[in-house]
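Welcome! Here are some exercises to work through with the model open beside you. Try each task before you read its solution.

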Amino acid sequence: MLTHHRKPVCLSLISTDLPIWSVVETAATLYQKDTDRFHLLLTAPPLISCEVESVVSPEETLPKSKSKAYAPNSPRILWLEISPYRVIMTMQGNAQVSYRHFWEQGVYGISRYWLPTESLQPNDPIRLRNFTTNLTLNGHPLPENLRLEYELWAEKVQLGCYILNLEIKH
């Protein structure tokens, strides 16, 4: 039972205790894998990277820094595997930060982040834990709203509480 629908979506992530807020509004493809299992694919806007370089000329005694902002050429793909019981979100593309989150209500899931290849450890992910306090999926037969509330942890240090909200417009 593989059917797909092109839908406008709004994906937001906010922290309830840190100044973090992000919203993406775009079109996504919703694949129905089974009665209550879905995959959602969307292209996320590029992260703007910043290169800093120092320029020293013979006339100058202090180096001047100038920065160049650039957007990578290839898109970043965001893939969500959605069911009423668990959500897996994967971001990959263009040799920038990639990540994979696993959320299930009442369970400590794993969040892994891969840094760009210029980093010190290009193949070793940063591993964090997340504890899902609420997972709500509304809409039938197709999902209309997904709300995830979770805590992010590094060992015994809490890195904030977050709300991930996905609205699928039909």
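**Exercise 1. Find the loop that holds Glu155, and decide whether this residue is buried or exposed.**

Step 1. Glu155 sits in the loop between strand 11 and strand 12. Strands here are DSSP runs of E with at least two residues, and helices are runs of H or I with at least four residues, all numbered from the N terminus.

Step 2. A word on the model itself: it is predicted, so local features need pLDDT of at least 70 and side-chain atom pairs count only at pLDDT 80 or more, while totals for chains, interfaces and linings use all residues. Residues are numbered from 1 along each chain as its sequence is written, and side-chain values use heavy atoms, with hydrogens and water left out.

Step 3. Glu155 counts as exposed because its relative accessibility is 68%. The cut-offs are under 20% relative accessible area for buried, over 50% for exposed, and partly exposed in between, with a 1.4 Å probe and protein chains only.

Step 4. Now look at the backbone: phi of Glu155 is near 55°, a positive value in a residue other than glycine.

**Exercise 2. Which strands pair with strand 6, and how many of its residues are buried?**

Step 1. On one pairing, strand 3 (residues 37-44) and strand 6 run antiparallel with 7 bridges. Leu41 has Trp79 as its bridge partner in strand 6.

Step 2. Strand 6 is also joined to strand 7 (residues 86-92) by 6 bridges, again antiparallel. Here Ile77 has Gln92 as its bridge partner in strand 7, and the two strands form a hairpin with 3 residues between them.

Step 3. Strand 6 (residues 76-82) is mostly covered, with 5 of its 7 residues buried.

**Exercise 3. How many aromatic pairs does the structure hold? Describe two of them.**

Step 1. The structure holds 4 aromatic pairs. Rings of Phe, Tyr and Trp (its six-membered ring) pair if their centres lie within 6.5 Å; planes under 30 degrees apart are stacked, over 60 edge-to-face, and the rest tilted.

Step 2. One of the pairs is tilted: Tyr108 and Phe131, 4.8 Å centre to centre with 50° between the planes. Tyr108 is in strand 9 (residues 108-114) and Phe131 in strand 10 (residues 126-138), so this pair ties together parts that are 23 residues apart in sequence. Tyr108 counts as partly exposed because its relative accessibility is 42%, and Phe131, at 21%, also counts as partly exposed.

Step 3. Another pair, Tyr150 and Tyr162, is stacked: 5.6 Å centre to centre, with 25° between the planes. Tyr150 lies in strand 11 (residues 145-154) and Tyr162 in strand 12 (residues 157-168), 12 residues apart. Both Tyr150 and Tyr162 are buried, and together with Trp103 they form one aromatic cluster.

**Exercise 4. Which side chain makes a polar contact with the side chain of Ser111?**

Step 1. The partner is the side chain of Asn130, at 2.8 Å. A polar contact is a pair of N or O atoms within 3.5 Å; within protein, one must be able to donate a hydrogen and the other to accept it, and residues adjacent in sequence count only if both atoms are side-chain atoms.

Definitions and conventions: Pairing = 2+ DSSP bridges.
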